[in-house]
Amino acid sequence: MGLQWMILTYVVAAEAAIAFLLTMPSPKALKSSFVSLISLILQPSMFIVPFAGFQLLDIYWKNEHRLMCSGETCTAAERDRYEKSIYKAQRNVILCCAACLLYWCIYRVCKYHKEIQSMEEVEKRYKEE
């Protein structure tokens, strides 16, 4: 059961590293080659958005059907286990949202970079005329 969360954690870490590298200042040639490489990787890595959405639906379903532990019928161990499962669910929701948000940020940075390149080309053509 924890394998999908480990995969999602590694994907979020990789996305964070890529977003960091994309936003760092670097030489123009290096930046454009890195952006083109990331743009090629973005299409197949789109799987993370439906995967995270499915995990969010799973968390919601489990939350709706979770046994409530309130009142005097619960022991301290049951109450601790219940609270631990709530904290894990909250952590996993944050992880899913971070995966989608980071993917979107990387996509937008790549798209902005491509738009800037095309505008620079247009400006270069106008200067040549």
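Helices here are DSSP runs of H or I, at least four residues, numbered from the N terminus. The expected span of a helix is 1.5 Å times one less than its number of residues.

Now helix α2, residues 28–42. It has 15 residues. From first C-alpha to last, α2 reaches 21 Å, close to the 21 Å expected at 1.5 Å a residue.

A word on the source. This is a predicted model, where local features need pLDDT of at least 70, side-chain atom pairs count only at pLDDT 80 or more, and totals for chains, interfaces and linings use all residues. Residues are numbered from 1 along each chain as its sequence is written, and side-chain values use heavy atoms, without hydrogens and water.

What covers the buried residues?

Take α1 first. α1 and α2 pack at about 150°, between N-to-C directions on a 0 to 180 degree scale, with axes 10 Å apart; the axes are lines fitted to C-alpha atoms over the stretch in contact. The two are therefore roughly antiparallel (over 145 degrees). I18, L21, L22 and T23 of α1 meet K31, F34, V35 and I38 of α2. Contact means heavy atoms within 4.5 Å.

Last, A99, in helix α4. A99 counts as buried, at 0% relative accessibility. Beyond its neighbours within four places in sequence, A99 contacts L8, V12, E15 and I48.

Notes: Angles under 35 degrees count as roughly parallel, over 145 as roughly antiparallel, 65 to 115 as roughly perpendicular and the rest as oblique. Buried means under 20% relative accessible area, exposed over 50%, partly exposed in between (1.4 Å probe, protein chains only).
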